[in-house]
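Here are a few notes to go with the model. Have it open while you read.

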Amino acid sequence: MCPVSGVIKMALRELSSLEKFLGLKKPNKYSTQGGKKVPLLQNNNGPALIGLVTIASHLIREAKRPELLGDSAEQRAVVQQWIEHRITRLDNCSKEEGNVILKDLNQYLKDKVYLAGNVFTLADILMYYGIHHIVVELAVQEKERYLNVTRWFDHIQHYPGVRHHLPPVVVLRNRVYPSGHH
Amino acid sequence: MGFGDLKTPAGLKVLNEFLADKSYIEGYVPSQADVAVFDALSGVPSADLCHALRWYNHIKSYHKEKGSLPGVKKPLSQYGPAGVEDTTGAAPAAADEDDDDDIDLFGSDEEEDEETKKIKEERLAAYNAKKAKKPALIAKSSILLDVKPWDDETDMAKLEECVRSIQLDGLVWGQSKLLPVGYGIKKLQIACVVEDDKVGTDQLEELITAFEDYVQSMDVAAFNKI
């Protein structure tokens, strides 16, 4: 099975899940473009929208939920930073790169409930979609080593309306290895 | 349940541990549970209690909607880890009694107050003594379980995860190890502590063998009263 087609299917499933989360009644018809098969949305009113992030931002504006992109200039910058991180570093990363990402994310989330701090944004949704395949494979010890990531992940997968196409990941609420061990 | 005395460093430590893997006191959205615990704190948790601090700042950001958060405020003993008691609020009762001492208006009334105060104090001491004794009276057992897989290809890590995912009131999972039984097959030997009134081995067996994909059978390897 061609790995690229697996990636496109995921991108289209993400957009479909995002539409459900936003409560958009009429699902859009997406196509793909180019060798890398980037998702494309033909807009009646103007030029085509190309790319997961571009289309996702468009859907958010369509649903009139601009706060999901950030409430202040600083928050918007943080959201954009994480969305870019998802596309440039997380997608198609190797196992070693994945571990580095988990380590950095764990440190980042030490004092934050959401990626943008105290408010839920598109950054949380896209990072959750993107990191799911890594988290689902983690052993109990690893889930506790990256405790902040696990906490954030469990929170996002339970956030009302977010989880659609991805199976739930079991997160134990009673820790096996007490904090002294890491 | 409870966090001990939330006005003391020890209680805050319990809260911090509890919140390490959770965003909220209960469930996955902010609720009156968070308001109840937030209101019980004397102030901002210190920086070394990073999880309590994270939660505190997050709940503070909801101060405008505090009243409209879902749920009902329950006493602190309804929240937090099992096996810990809530002792927050023992101090304020003593402070009130100190205030009574300062009022020195009518001699005879004072005598009556002292007597009733004495009775109140005795009753409070007896109640606290009873409360302190209570944990010792809960009958507990330490059980060692042998969980056997279908064959040597069964993913033992997943099997252990499934077993540990069984959450019951009165059940605490402990250490585990893998023991070889022959032909490359390993069995999972896992310890747990149960409150006799709440959890039985039949119940555990039913729940564990329900994971039919991984578990072939379960036996009790050892059973000791604590």
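What order do the three strands of the open sheet in chain A have?

1. The order is 1-2-3, with antiparallel pairing. Ground rules: this is a predicted model, where local features need pLDDT of at least 70, side-chain atom pairs count only at pLDDT 80 or more, and totals for chains, interfaces and linings use all residues. Residues are numbered from 1 along each chain as its sequence is written, chains are lettered from A and ligands numbered from 1 in the order written, and side-chain values use heavy atoms, leaving out hydrogens and water.

2. Strand 1 (30-33) and strand 3 (49-50) of chain A are the edges; each has a single partner strand, so one side of each lacks a neighbour in the sheet. (Strands are DSSP runs of E, at least two residues, and helices are runs of H or I, at least four, numbered from the N terminus; pairing takes at least two DSSP bridges.)

3. Four bridges join strand 1 of chain A to strand 2 (residues 38-41) of chain A in the antiparallel sense. A:Ser31 has A:Leu40 in strand 2 of chain A as its bridge partner.

4. Helix 2 (residues 52-62) of chain A packs on the sheet and touches strand 1, strand 2 and strand 3 of chain A. (Contact means heavy atoms within 4.5 Å.)

5. Now the helix pair: A:Trp82 and A:Arg86 of helix 3 of chain A are among the contact residues, as are A:Leu126 and A:Tyr129 of helix 5 of chain A.

Conventions: Axes fitted to C-alpha atoms, helices over the stretch in contact; angles between N-to-C directions.
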